[in-house]
Amino acid sequence: MSRIMARDMIFKLTFELCFHKPEEGILFEEFLKDNPLDQENVNFVKSFYTGIIEHYDEILDIISKNIKDYTIDRLFKVDLAILIVATYELKFDNSNPVKIVANEAVELAKKYSTEKSYSFINAVIASIAK
């Protein structure tokens, strides 16, 4: 359960990143201080989020090349944040198989986005994974 909460926090931090540069947004420690994660998951979130920031431009490029009939600017920011998290995990983290990454992304889309977004996100992730 706590890994699901950790992914949720990574998504929320990444969503903020869609609007603000990391130094303009909330501080990582500030965000995590009111969240009930154990130290292992705090470290997971920090490592994952740092990786996203490090590879942000590459991740956006990968997403851009795998969306059809859209541009990054036309995507809902929620969907973009979900795709950023999934793309980082697929291309730079490699700790989970594609099915798990896709499932986690779809669950985030069902929770935070529109009812049609999860199928779009699933298709983009399948394209990225090829």
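The buried residues of H3 are Asn41, Val42, Phe44, Val45, Phe48, Tyr49, Gly51 and Ile52. Buried means under 20% relative accessible area, exposed over 50%, and partly exposed in between (1.4 Å probe, protein chains only). Helices (H or I, at least four residues) are DSSP runs, numbered from the N terminus. The model is predicted: local features need pLDDT of at least 70, side-chain atom pairs count only at pLDDT 80 or more, and totals for chains, interfaces and linings use all residues. Residues are numbered from 1 along each chain as its sequence is written, and side-chain values use heavy atoms, with hydrogens and water left out.

Helix H3 covers residues 39-54, 16 residues in total. Its first and last C-alpha atoms are 22 Å apart, close to the 22 Å expected at 1.5 Å a residue. The expected span is 1.5 Å times one less than the number of residues. Tyr49 lies in this helix. Tyr49 counts as buried because its relative accessibility is 11%. Its C-alpha atom is separated by 8.6 Å from that of Val85, 36 residues apart along the chain.

The largest nonpolar core holds 41 residues. Such a core is a set of buried Ala, Val, Leu, Ile, Met, Phe, Trp, Tyr and Cys residues joined through side-chain atoms within 4.5 Å. Ile52, Ile63, Leu80, Ile82, Ile84 and Ile125 touch the most other members. Helices H1 (2-17), H3, H4, H5 (77-93), H6 (98-112) and H7 (117-129) each supply at least two residues of this core. H5 gives the largest share, ten residues. In soluble globular proteins, nonpolar side chains tend to be buried together.

Contact means heavy atoms within 4.5 Å. Leaving out residues up to four places away in sequence, Leu80 touches Cys18, Leu60, Ile63, Ile72 and Leu75. Asn66 belongs to helix H4 (residues 56-66). Asn66 is buried because its relative accessible area is 18%. Beyond its neighbours within four places in sequence, Asn66 contacts Val124, Ser127 and Ile128.

The lining of the largest pocket has ten residues. Ile4, Met5, Asp8, Leu108 and Lys111 lie nearest the pocket centre. H1 and H6 are the elements that give two or more residues to this lining. H1 provides the largest share, five residues.

Definitions and conventions. 1 Å grid on protein atoms, 1.4 Å probe; cavity = no way out; pocket = protein on both sides within 12 Å on 5 of 7 lines; lining within 4 Å.
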